[in-house]
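Take a moment to look over the chain before reading on. The paragraphs below lead you through a few of its parts, one at a time.

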Amino acid sequence: MPNPGRPFPRRSSAEGALHVLLLTTGSVASVKAPLIVKELLNYENTLVQVVSTKPSMHFFDAAKLEEDNLAVGVKVWRDEDEWATWDRMGDPVLHIELRRWADVVLLAPCSANTLAKLAAGLCDNLLTSLLRALTPETPKHLFPAMNTFMYLHPHTASHLCTAEELGWQVGSPEAKALACGDVGMGAMMDWRDICLLVAERYARRRRVGVEEVPRKVPLKDGVTAAPTEEAERMGEAGVKVCGG
Ligand SMILES: Cc1cc2nc3c(=O)[nH]c(=O)nc-3n(C[C@H](O)[C@H](O)[C@H](O)COP(=O)(O)O)c2cc1C
């Protein structure tokens with residue numbers, strides 16, 4: 001029986017599985033969390049746990065996600081769990097246990113707020129405490145998702161630069177019509193590409209008999225969406241990370 005994820009996700013050195021910790025924040029792109037979890041579990045020897053901020057949980061049904069993946073012990077960890085599971089000195093501390101469990105961390109989607117907290121080192125909830133507790137060796141990928149004007153704000157370039165210096169690999173957002181109605185850069189990298197990135201980078205084989213998820217359009221220079229002309233124009237303003 002795979003790790004049930006309750007009350008703590010414990011490591012078992014015998015299982016040899018890749019432990020993917022998906023962190024979701026208060027971007028509308030959190031609606032993709034159930035799809036990301038489902039798709040990652042289509043790969044052999046892959047386990048997933050989820051940590052979500054309060055705003056993120058407006059965008060998907062955490063109870064349903066857990067129920068759909070009960071057999072593989074997926075749990076959506078939230079702020080309340082941190083304190084519900086700690087009573088006295090010597091008890092395990094959830095954000096540390098989750099950090100120990102993770103082989104790879106995906107911050108997808110990463111909101112402007114959490115990005116700013118990450119860059120500043122703030123840790124005022126379960127997710128950001130975990131971020132702050134990560135070791136430099138843990139592979140970490142960050143996928144910004146925000147309104148175009150938030151993305152083009154000078155803070156974003158500066159915060160992404162700091163994130164890269166801290167060892168985060170930043171997945172470029174896409175230019176397209178956003179959920180808020182604006183058109184331009186800022187949409188999270190396509191969820192299928194995020195899963196593909198994990199599968200390729202960490203050498204995961206697709207389960208036998210599980211069909212490939214159809215892509216929207218073929219990869220073109222790392223861009224998956226077919227951006228509108230206006231989106232492309234706005235995207236040209238771009239964000240230069242670390243003076244690159
Ligand atoms: C409907 C709605 C959609 C939002 N979408 C985004 C978004 O895509 N990106 C973003 O950075 N913030 C977005 N926000 C704002 C964040 O939810 C807000 O900044 C929140 O404080 C983020 O908290 P967190 O980083 O702890 O999850 C949205 C807010 C609402 C109400």
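Which residues in α6 are buried? They are L126, L127, T128, S129, L130 and L131. A residue counts as buried if 20 or more other C-beta atoms lie within 10 Å of its own, as exposed if 12 or fewer do, and as partly exposed in between; the C-beta atoms are placed from the backbone.

Two notes on the numbers come next. This is a predicted model, in which local features need pLDDT of at least 70, side-chain atom pairs count only at pLDDT 80 or more, and totals for chains, interfaces and linings use all residues. Residues are numbered from 1 along each chain as its sequence is written.

Now the whole chain. It holds 10 helices and 8 strands. Helices (H or I, at least four residues) and strands (E, at least two) are DSSP runs, numbered from the N terminus. Of the 244 residues, 41% count as buried. Two residues are in contact if their C-beta atoms, placed from the backbone, lie within 7 Å. Among contacts between residues at least 6 apart in sequence, 79% join residues at least 24 apart.

Turn to the sheet. It is open, has 6 strands and runs in the order β3-β2-β1-β4-β5-β6, with parallel pairing. Two strands pair if DSSP finds at least two bridges between them. β3 (76-77) and β6 (168-170) stand at the edges with a single partner strand each, so one side of each has no neighbour in the sheet. Strands of a sheet pair through backbone hydrogen bonds, either parallel or antiparallel.

Follow β1, residues 18-24. β1 pairs with β4 (residues 104-110) in the parallel sense over 4 bridges. Here L22 stands opposite L106 in β4. β1 also pairs with β2 in the parallel sense, over 7 bridges. There T24 stands opposite S52 in β2. How many of the residues of β2 are buried? The count is 7 of its 7. Both faces are covered: T46, V48, V50 and S52 lie on one side, and L47, Q49 and V51 on the other.

Go back to helix α6. Its buried residues pack against β1, β2 (46-52), β3, α3 (79-84), α4 (94-101) and α5. Take α4 from that list. The axes of α4 and α6 are 9 Å apart, at an angle of about 55°. Axes are lines fitted to C-alpha atoms, for helices over the stretch in contact, and angles run from 0 to 180 degrees between N-to-C directions. α4 and α6 are therefore oblique to each other. Angles under 35 degrees count as roughly parallel, over 145 as roughly antiparallel, 65 to 115 as roughly perpendicular and the rest as oblique. L94, H95, I96, L98 and R99 of α4 make the contact with L126, S129, L130 and A133 of α6. By class, this contact has 6 nonpolar, 2 polar and 1 charged residues. Ala, Val, Leu, Ile, Met, Phe, Trp, Tyr, Cys and Pro count as nonpolar, Asp, Glu, Lys and Arg as charged, and the others, Gly among them, as polar.

One more helix pair remains. The axes of α5 (residues 112-120) and α8 (residues 154-165) come within 9 Å and cross at roughly 50°. That makes α5 oblique to α8. A112, L115, A116, L118 and A119 in α5 meet H155, T156, H159, T162 and A163 in α8. This contact of α5 with α8 has 6 nonpolar, 4 polar and no charged residues.
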